Amino acid sequence: MLKNYFKVALRNLCNNKAFASLNIVGLAIGMATAIIIGLWVLDELTYDHYNPNHEKLAKIMLSQNDKGDIYIGPTIAMPLGFAMETKYKDLFKRVALVSFHDLHILGSGDKKISGRGIFAQEDFPSMFGLTILNGNIQTLNDASSIMISKSLAVSLFGDANPINKTILLDNKMNMKVGAVYDDLPENSSFAGTTLLLPWTNSGNSYLSTNTNWRDHNGEGFVEMNDKVTTAVATEKIKNLPTPFIKDWKETTLVYPLDKLHLYGEFVNGKPAGGRIQVVVLMAIIGAFVLFLACINFMNLATARSSKRAKEVGIRKTIGSLSIHLIGQFLIESILLTLFAFVIALLSAQVSLPFFNNLSGKHMNIPYSNPVFWLLCIGFALFTGIISGSYPAFYLSSFEPIKVLKGAFQGSRYNSIPRQVLVVLQFTVSLSLIIGTIIVYRQIMYAKNRPTGYTREGLVTMPLSDALNGHYDALRQDLLRTGTVTEMSESSQPITLFNNNNSLDWPGKDPGLVIFFRNVNVTPEFGRTIGWNIIAGRDFSRAYADSNSMILNEAAAKATSIKNPIGTIMKFAGKSRTVIGVVKDMMTNSPYDPIEPAIFLGDGYMSVITIRMKAGLPLHNSMAAIEKVFKKYNPASPFIYVFNDDVYAKKFSEEDRIGNLSAVFAGLAIFISCLGLFGLASFVAEQRTKEIGVRKVLGANLFSLWGMLSVQFVKLVLISLCIAIPLSYYGMNNWLQNYSYHDIISWWIFAIAGLSILIITLLTVSYQSIKAAMANPVTSLRSE
């Protein structure tokens, strides 16, 4: 019987090629979309899962209480890690402090390349499950040894064995290669880390803060002992910093690394979601797009019910039971779905590079994994059963006596389920269109936010040791090229301030806990970036400004001092005089409030910022600048970034969400239109004689087109009434995740509704006009 089912199913599909083609194309697009989104969701859910220890790892974090407002921060003071390592061996198997990523110059012979690396304690490689391809995993115990990734080893040494070879680090220090590790996957916390440096190495600037409990400048991770939970550990260590910073309301916690990527946002000290919201959104979109394709199948199958009514009647008359008919129709659905799945898998493979580029990932379809094929088979069967279930039960319910007597007529209520499904289709499509428009508007809203400085024409490069001590000469040489209008140095680039420390001022509330971003700058910094002094003066070589500081507006407001100019404040144990207040600048996330920041006239510098002269050819300008840098640092490659490019990356996540939403909204609309096209053709076919009569009685083309199109327009209008409140509620909640966000305007819904209305009319018009232009003699001949 099963063989007969497949034979009949295949025959029916061959006899109804148009019906089969519409469904196969729709299902293939829906399934391909679901496969790709499924790979993306899996990539997100398995973040850091390459590491066999991932379930035991946690990140050390700090909780700061400011009069009831609790802030959770990922940056810690270095002595906190040492204290946890020595005092809580019953809780933590291992503890590892790490620095923030930095760019390093590595040389071997005549070859010099750059690498992205961190300083890390000796247990870091074992904690994070590094796969050692060659050498010793304990390399970081030796302050003069280095661990490099496979990709960096190939770039620097080719096919030669790099172990025990010497690398010149940053043109000043010889380091021995002690181990080569496999490159970390893209979906991991330390992806792109190509070298690991020993924490005890003299080049580690973090060593100077090993005993400073007030300087939050690094990160720390722990590996939990067996049967110890992060909640239990947090309860025991929370008051660890208190004896050392009695004037701060600061506690310690450990947060599971498995949750950090997806649940990394906190509101008033409590986890409040994070990237998981995007993952859930994408999963819902994938399910919706697939569901739309299933709806197409249901609608087209039930619309063709009159064509299969006699088949059902005859089968029941000769003894077929309803269960047999249901099996027959489900087999047809599954067979069609399997055809669609093969096309979907091929489509997914072809479109995966495009999707990887769009989403910023490096995903592959795991053909060699048997679990993948089991899931695919289950996925195809599930889709076939879902899409074929309603038509199967509907068609098998026909009464044979009525059908064979010719008394079977479609009731006016028979089309209601199809209309409901069409409304659902366009509700989803409309919601996706509205959501895409709002996402793009939010991105543009943030992009148009004033930065507080002149972003265009700024170039940033690392300040190497070879350039240290040559500031004035380097600056003069650059100005003489005619391609540079100003140059300055700072401890951090203008696009990212990540240092935090406390500031004391006269009259400060002892219970007030506020951390200030702090940046060391040379006197020319303000003129280089084009900031705006709104009170007092800028740094100047005409004054002795080594003990001076400038506040941004947020910092001035935080102190509650009406006119802070001339006020002596204490930062890092040193008294400084406020000489100016600068307009707030957007240095971190463009979606967050501006953080309090202070600018100091002395201290350690690590970044050079150049303002290029406008209107000159970029290639010539950069060549002239490189020539000057090579004069002072001939041994290093010329490394630089344009601030505009760095600034653009701040929007990369939202850009990806917007682009993905636009693609999937387009696919959803296309699938919906496929179904609408099929339905329109069947409606036109069912009303052929009616159209013929109306034409004989004098109906014109426009009135017939309107008669056939109006029912679909009504369905779209109903969809619009449902989609508007739903999308407003969902997108308004999404916008609340951003402190700086756009408002939802009425015209967004008007544009979305008008767009879908035009698309609907264009889709059904072909069939409507074709039916209206048919010769009535042909349709009425049998009468």
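**Exercise 1. Determine whether Lys 361 is buried or exposed in this predicted model, and describe its salt bridge partner.**

Solution.
- Step 1. Lys 361 has a relative accessibility of 12%. Buried means under 20%, so Lys 361 counts as buried.
- Step 2. The side chain of Lys 361 meets that of Asp 43 in a salt bridge, with N to O at 2.7 Å.
- Step 3. The two residues belong to distant parts of the chain: Lys 361 is in the loop between α10 (322–359) and α11 (370–396), while Asp 43 is in helix α2 (residues 17–45), 318 residues apart.
- Step 4. Asp 43, at 16% relative accessibility, counts as buried.
- Step 5. Lys 361 and Asp 43 are also linked with Glu 44 and Arg 275 in a network of salt bridges.

**Exercise 2. State how many salt bridges the structure holds, then examine the pairs of Glu 223 with Lys 93 and of Asp 477 with Lys 631.**

Solution.
- Step 1. There are 23 salt bridges in the structure.
- Step 2. In the salt bridge between Glu 223 and Lys 93, the closest N and O atoms are 4.0 Å apart. This pair links strand β12 (residues 216–224), which holds Glu 223, to strand β4 (residues 92–98), which holds Lys 93; the two residues are 130 residues apart.
- Step 3. Glu 223 is buried, at 1% relative accessibility, whereas Lys 93 is exposed, at 51%.
- Step 4. In the salt bridge between Asp 477 and Lys 631, the closest N and O atoms are 2.9 Å apart. Asp 477 lies in helix α14 (residues 471–480) and Lys 631 in helix α17 (residues 618–632), so this pair ties together parts that are 154 residues apart in sequence.
- Step 5. Asp 477 counts as buried at 12% relative accessibility, and Lys 631 is exposed, with a relative accessible area of 56%.

**Exercise 3. Classify the ring pairs Tyr 367 with Phe 372 and Tyr 728 with Phe 749.**

Solution.
- Step 1. A search of the whole structure finds 21 aromatic pairs.
- Step 2. The ring centres of Tyr 367 and Phe 372 are 6.3 Å apart and their planes stand at 85 degrees. Planes over 60 degrees apart count as edge-to-face, so this pair is edge-to-face.
- Step 3. Tyr 367 is partly exposed, with a relative accessible area of 35%; Phe 372 is buried, at 10%.
- Step 4. The rings of Tyr 728 and Phe 749 have centres 6.5 Å apart and planes at 50 degrees, so the pair is tilted.
- Step 5. Because Tyr 728 lies in helix α21 (residues 701–735) and Phe 749 in helix α22 (residues 746–772), the pair ties together parts that are 21 residues apart in sequence.
- Step 6. Tyr 728 counts as partly exposed at 40% relative accessibility, and Phe 749 counts as buried at 10%.

**Exercise 4. Identify which residues ring pairs link into a cluster, and where the charged ends of Arg 455 and Arg 537 sit.**

Solution.
- Step 1. The cluster consists of Phe 124, Phe 128, Phe 190 and Phe 221.
- Step 2. The charged end of Arg 455 is over the ring of Tyr 647, 4.0 Å from its centre.
- Step 3. The charged end of Arg 537 is over the ring of Tyr 543, 3.8 Å from its centre.

**Exercise 5. Locate Val 280 and describe the nonpolar patch to which Val 280 belongs.**

Solution.
- Step 1. Val 280 is in helix α8 (residues 276–303).
- Step 2. With a relative accessible area of 41%, Val 280 is partly exposed.
- Step 3. Together with Ile 284 and Phe 288, Val 280 forms a nonpolar patch on the surface, and the three have about 230 Å² of accessible area together.

Note on methods. Residues are numbered from 1 along each chain as its sequence is written. This is a predicted model: local features need pLDDT of at least 70, side-chain atom pairs count only at pLDDT 80 or more; totals for chains, interfaces and linings use all residues. Side-chain values use heavy atoms; hydrogens and water are left out. Patches are made of residues with over 30% relative accessible area and no salt bridge: like charges are joined within 9 Å, nonpolar side chains (Val, Leu, Ile, Met, Phe, Trp, Tyr) within 5 Å. Accessible areas come from the Shrake-Rupley method with a 1.4 Å probe; for residues, only the protein chains shown count as cover. Helices (H or I, at least four residues) and strands (E, at least two) are DSSP runs, numbered from the N terminus. Buried means under 20% relative accessible area, exposed over 50%, partly exposed in between (1.4 Å probe, protein chains only). Rings of Phe, Tyr and Trp (its six-membered ring) pair if their centres lie within 6.5 Å; planes under 30 degrees apart count as stacked, over 60 as edge-to-face and the rest as tilted. A charge sits over a ring if NZ of Lys or CZ of Arg is within 6 Å of the ring centre and within 35 degrees of the ring normal.
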